[in-house]
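Let's take a quick walk around this model, starting with its pocket and ending with its sheet.

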Amino acid sequence: MTDWWCEQAWLDDAPVAGVRVREQAGVITAVERGVTAEPGDERLTGLVLPGFANAHSHAFHRAMRGRTHDEGGTFWTWRERMYAVAGQLDPDSYLRLARATYAEMALAGVTCVGEFHYLHHGPGGTPYDDPNAMAEALREAARDAGLRITLLDTCYLAGGLTPEGHTRPDPVQQRFSDGTSSRWAARVADLRADDVLRVGTAIHSVRAVPKIELGEVAAAFPDAPLHAHLSEQVGENLAAFAFYGLGPTELMASADALGPRSTMVHATVAPHMELLGSTGTNVCICPTTERDLADGIGPARLMADHGSPLCLGSDQNAVVDLLEEARALEMHERLFTLERGVFSPAELVAALTHQGHAALGWPEAGRIQVGAPADLVAVRLDTVRTAGTAAAQAVYAATASDVHAVVQGGRVVVRDGEHVLGDVGRLLAEAIEPLWAGERA
């Protein structure tokens, strides 16, 4: 049993001074308000928030940070470079890269990640001896880094969608594909949940899963979270309308892929927002990726007003800072609406914490309350970024660099800004540099 004394802790929708959080076996058993620290308490200074949920990640994209800006282009040209990285990974190198990436997330306050996983097989699509070897590498990486993970095992069958129809997977995309939705489901059925990993599912997109198989994928695991990329670019919408006469949201609705267990990622240019909201479908916004890839600013406030709970993701991991993602949710709306305060600080914290956990199938997490996992993130309020900041508005000022302690399930993962694995920058360099051997710096 451990007592964590918090200088200020985010309870319900606001910070409270002097809070003791009692934890036993990784679960919060008591929360005391307005108390002073006592000998034996583990002290957490600054503002203590619930653990952050990164609801959408592609761990292997982290290898591309700072490597894709020299020739401009579009999402589609960026994707070609991403495929070049994907084509090199195997279970061992993927473990090294994912472990380092997840450790970087932990340093930023993330205690749970949703890994949108489609890098399933070996070169040419040949399965490994263990068909889920790449997924098991992600499980091990999350455990080592101190995160929980929802493995969003992704069905990816077609190479793309044009006005003339779906295309065949190219050589790299063959690694992503099980060939049919039934073979995908059979492989996923062999995955087992444990204390670190819960099994979720994903439709890569309406580009990668033809309409005839969408319903089978959506129905395969009805009790698991279901995620999908949706309307990230205008080109996807135009191709869907041209070939099917339906937009991506309508295609998802026709497959019964919408609802409270479902999360649509990006929805940057999504028509039919009322379909998402009326079904209680979650929407995951990834602001730093959406601006990095020039995808645009999604209508987050409108989607929330229609009834869609919002959560946040780091997606391609060009930035791993969930506080920045939360702040950008508001700042992008300011650019779009020319108004301030479109989202309240409490709404941003909700997207950062319990709404993201719910979308990942961990509804008990993301709050500092009895019965929740003891996930605590301490943010300094005395740095050059946060000095003078009101605790209730810290989400507008703090960055990942201000996170100084992270507790996940009662386990200290980050202390004094240092991860238990040691030098995470070194781990990242050792995992990434071999993937770019031979290319110019």
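How do the residues of the lining of the largest pocket divide into nonpolar, polar and charged? Four are nonpolar, six polar and four charged, with Ala, Val, Leu, Ile, Met, Phe, Trp, Tyr, Cys and Pro counted as nonpolar, Asp, Glu, Lys and Arg as charged, and the others, Gly among them, as polar.

Keep in mind that this is a predicted model, where local features need pLDDT of at least 70, side-chain atom pairs count only at pLDDT 80 or more, and totals for chains, interfaces and linings use all residues. Numbering runs from 1 along each chain as its sequence is written, and side-chain values use heavy atoms, leaving out hydrogens and water.

Back to the pocket (on a 1 Å grid over the protein atoms alone, an open set of points where a 1.4 Å probe fits, with protein on both sides within 12 Å along at least five of seven lines; lining residues have an atom within 4 Å of a point). Among its 14 lining residues, T68, G72, G73, T74 and W78 lie nearest the centre. Helix α1 supplies the largest share of the lining, four residues.

Now the sheet: it is open, has eight strands in the order β3-β2-β1-β4-β15-β16-β17-β18, and its pairing is mixed. Helices (H or I, at least four residues) and strands (E, at least two) are DSSP runs numbered from the N terminus, and two strands pair if DSSP finds at least two bridges between them.

| Element | Residues |
|---|---|
| Helix α1 | residues 75-86 |
| Strand β2 | residues 14-24 |
| Strand β3 | residues 27-33 |
| Strand β18 | residues 418-419 |

β3 and β18 are the edge strands, each pairing on one side only. β2 runs antiparallel to β3 over six bridges, and E23 sits opposite I28 in β3.
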